[in-house]
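Hi,

Here is the structure I promised to pass on. My notes follow below it.

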Amino acid sequence: MNDRLISIRGTFRGNEGLFRAALEGVGAPGRDVWLARSGEANHLAFLGVHLVGARHYIVKFLGGSSVDPLERYHAKARSIDEIDEFPPPSEVLAAWNDVAPVLDAALGAVTAELLDGDSGLPFPAPGPTRLDALTFLAQHETYHVGQMCLIRRIHGMPAAEWPRF
């Protein structure tokens, strides 16, 4: 793996465990916060589906091959209000667990040439390269995983515990 990706890879790995922790106990009797919203905020179901889709996007962005099994739910939706149906937490967690090693392998196969190339994307990244865009995408995922952990607490669930590396 390219040395410039060590921290980004660590961020994605940390997010994997925290995502799982954010979903722990969700949907259990008396604790169904999966579709619960506070005002206009997103719910866990939307964030989970969105992040699985984002990981599949990153794999393709890095030159890998990936098929998002949850795409039928979110297709090209950009907001929660554009989705009519959401999968259960178990389906989202299974899709997350399936894409995790695919993303890790894609990160491991990235070349310096790819990282230094122009991303051609309008992300609010620190610069124009694919490395810059990947940095933003890791931050984007972390932002949403943090939202998931906060939503748990807002709806009376215990805090998600940090994963052990």
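Which residues in helix 1 meet which residues in helix 2? Phe-12, Asn-15, Glu-16 and Phe-19 in helix 1 meet Gly-48, Leu-51, Arg-55 and Ile-58 in helix 2. Contact here means heavy atoms within 4.5 Å. Helices are DSSP runs (H or I, at least four residues), numbered from the N terminus.

Before the rest, two notes on the source. This is a predicted model, where local features need pLDDT of at least 70, side-chain atom pairs count only at pLDDT 80 or more, and totals for chains, interfaces and linings use all residues. Residues are numbered from 1 along each chain as its sequence is written, and side-chain values use heavy atoms, with hydrogens and water left out.

Back to the helix pair. The axes of helix 1 and helix 2 are 13 Å apart, and the packing angle is about 155 degrees. That makes the two helices roughly antiparallel (angles over 145 degrees).

Now the core. The largest nonpolar core has 29 residues. Such a core is a set of buried Ala, Val, Leu, Ile, Met, Phe, Trp, Tyr and Cys residues joined through side-chain atoms within 4.5 Å; buried means under 20% relative accessible area with a 1.4 Å probe, protein chains only. Phe-19, Trp-34, Leu-44, Leu-70, Phe-86, Val-92 and Met-148 touch the most other members. Helix 1 (6-23), helix 2 (44-61), helix 4 (89-109) and helix 6 (130-154) each supply at least two residues of this core. Helix 2 gives the most, with 7 residues. Apart from this core lies another, of 18 residues, including Ile-58 and Leu-103.

Best wishes

Methods
Buried < 20%, exposed > 50% of the residue type's maximum accessible area, 1.4 Å probe, protein only. Axes fitted to C-alpha atoms, helices over the stretch in contact; angles between N-to-C directions. Parallel < 35°, antiparallel > 145°, perpendicular 65-115°, else oblique.
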